[in-house]
Amino acid sequence: MNQIQDWKNKPFWIRLLHWEYWSFHTVYLPVYPIFIFLCLRARSFFFFAAANPSIKNGGFLGESKKDIYSLVPPELQPKTIFFSKDSQPPLVLDQLIRAGIRFPMIGKPDIGARGRAVKKLENAEELFIYVRSSPVDFHIQEYISYAKEAGIFYYRIPGQDKGNISGIVEKEFLKVRGDGLRNIRDLLKTNPRAVLQIPRLEFTEQTMLNRIPVKGEECIVVPYGNHSRGALFLDGSLSVNERLVKTIDGVCRQIPLFYFGRMDIRYESRELLEAGKSFSILEVNGAGSEPTHMYDPRHSIFFAWREIVRHWILLFKISRANHRLGYSYLTVREGLQMFRKDKSDSKILAGMQNKSF
């Protein structure tokens, strides 16, 4: 297939014309003054640390996945084992087998965000490469095969009897449908969302890109519900009902002192999820959570700004309420240390992401 000639399908124009691909600071810069105003009202630039007292930094930055998983009841999450960065691959595999975790598995760094350095591991060879390549502590997680994935944003004002859902994002994994003629690489080139992922996939999944699916075959190219990895985010907030709120509130109340954040959940069907059945919590994100339903391509940047500010105000109210109950904010020194560590961690993860494991 000849290279796409349509200028709108060039990576530069895709990023420029679709705000969902703009950099973090480009999106947030116009509303930073509102966050500063909230900091002044709280008399702290790091008030958010009190939002979720049981999570380091309130879950804003630098929290350990290991620590968060320890707060979630085991029956609500995938089987997960944590390993230090110098672990020996054969010992890792042996421990996973004894725990009943089978291939495929998911490898994740203990520090991380936006799906960086997350890898689906199909066999022992891929596991060994991942273990040897990891410059940070990591965990290996049971792969949850439920077809649906969503991010559910939850909040509860301390002292109130009932929590709420402020938004739901439904995630569609990056996929192609075969025509029996073109390989996966060429099929991806027909989708602007997928075009941005091809350079990374060329580095990590070249064999897969060369495969020619049979006509009608649906192939999931990236099995992660991360926007930065090509997943399509669709706003499902209008589907929130009392039954779902009651179920999610009951789940979140089992996580100690969790008042604000987004849970990423794999589930079999909406009906079963509302009934509290056939679902698994993949991630719990705290004060640093984005209202990711704003990334629905149907929404404008103005909608995104409104949602960001709305959630910042909720974060402010919850943090202030917890502060009055005796939970502390970060000091300036602690806050600056948090940002410095995050910057260092981000560099490490960027290097890990670029490895062809």
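User: How do E6 and E9 pair, parallel or antiparallel?
Analyst: This is a predicted model. In it, E6 and E9 pair in the antiparallel sense, over four bridges.

User: Which residue is the bridge partner of Glu170 in E9?
Analyst: Leu234 is the bridge partner of Glu170 there.

User: What sheet do they belong to?
Analyst: An open sheet of five strands. The order is E9-E6-E5-E10-E11, with antiparallel pairing.

User: Which strands stand at the edges?
Analyst: E9 (232–235) and E11 do. Each has a single partner strand, so one side of each has no neighbour in the sheet.

User: What about the twist?
Analyst: From one strand to the next, the twist averages 25 degrees.

User: Which strands does H11 touch when it packs on the sheet?
Analyst: H11 touches E5, E6, E10 and E11. Its direction makes about 95 degrees with that of E6.

User: And H13?
Analyst: H13 also packs on the sheet, touching E5, E6, E9 and E10. The direction of H13 makes about 115 degrees with that of E10.

User: Back to H11. Which of its residues are buried?
Analyst: H11 covers residues 242–252. Its buried residues are Leu244, Val245, Thr247, Ile248, Asp249, Val251 and Cys252.

User: What covers them?
Analyst: The cover includes strands E5 (148–155), E6 (164–172), E10 (260–267) and E11 (279–285), along with helix H12 (270–274).

User: What caps the N-terminal end of H11?
Analyst: Asn241. One of its side-chain oxygens lies 3.2 Å from the backbone nitrogen of Arg243.

User: New topic: H3. What's buried there?
Analyst: H3 spans residues 32–42, and Phe35, Leu38, Cys39 and Ala42 are buried in it.

User: Why do they line one face?
Analyst: Look down the axis of H3. Its buried residues fall within an arc of 105 degrees, so they line one face of the helix. In general, an α-helix has 3.6 residues a turn, so residues three or four places apart point the same way.

User: What's on the face turned away from the buried side?
Analyst: The exposed residues Pro33 and Leu40. On the buried side, the cover includes helix H13 (301–324).

User: What comes just after H3?
Analyst: Arg43, with a positive phi of about 60 degrees.

User: How many residues are in the largest nonpolar core?
Analyst: The core has 39 residues. Phe47, Phe48 and Met294 have the most contacts inside it.

User: Where does the largest share come from?
Analyst: H13 gives the largest share, ten residues. Helix H2 (24–28), H3, E5 and H13 each supply at least two.

User: What does Met294 touch?
Analyst: Leaving out residues up to four places away in sequence, Met294 touches Trp19, Tyr28, His299, Phe303, Ala304, Glu307 and Ile308.

User: What's in the second core?
Analyst: That separate core has 24 residues, including Ile68, Ala150, Tyr154 and Cys252. Cys252 is one of the buried residues of H11.

User: Is Val195 buried or exposed?
Analyst: Val195 is at 11% relative accessibility. Buried means under 20%, so Val195 counts as buried. Val195 lies in helix H8 (residues 192–195).

User: What touches it?
Analyst: Val195 touches Asn9, Pro11, Ile14, Leu188 and Lys189, not counting residues up to four places away in sequence. Val195 and Gly230 are 35 residues apart in sequence, and 9.1 Å apart in space, C-alpha to C-alpha.

User: Last one: E1. Which residues are on its covered face?
Analyst: Ile81 and Phe83. Thr80 and Phe82 are on the uncovered one. In a regular strand, side chains alternate between the two faces of the sheet.

User: What does E1 pair with?
Analyst: E1 pairs with strand E4 (residues 138–142) in the antiparallel sense, over four bridges. In E4, His139 is the bridge partner of Phe82.

Notes:
Residues numbered from 1 in each chain as written. Predicted model: local features only at pLDDT ≥ 70, side-chain atom pairs only at ≥ 80, totals over all residues. Heavy atoms only, no water. Buried < 20%, exposed > 50% of the residue type's maximum accessible area, 1.4 Å probe, protein only. Pairing = 2+ DSSP bridges. Arc of directions from axis to C-beta. Contact = heavy atoms within 4.5 Å. Polar contact = N/O pair within 3.5 Å; in protein donor to acceptor, adjacent residues only side chain to side chain. Core = buried A, V, L, I, M, F, W, Y, C linked by side-chain atoms within 4.5 Å. Axes fitted to C-alpha atoms, helices over the stretch in contact; angles between N-to-C directions.
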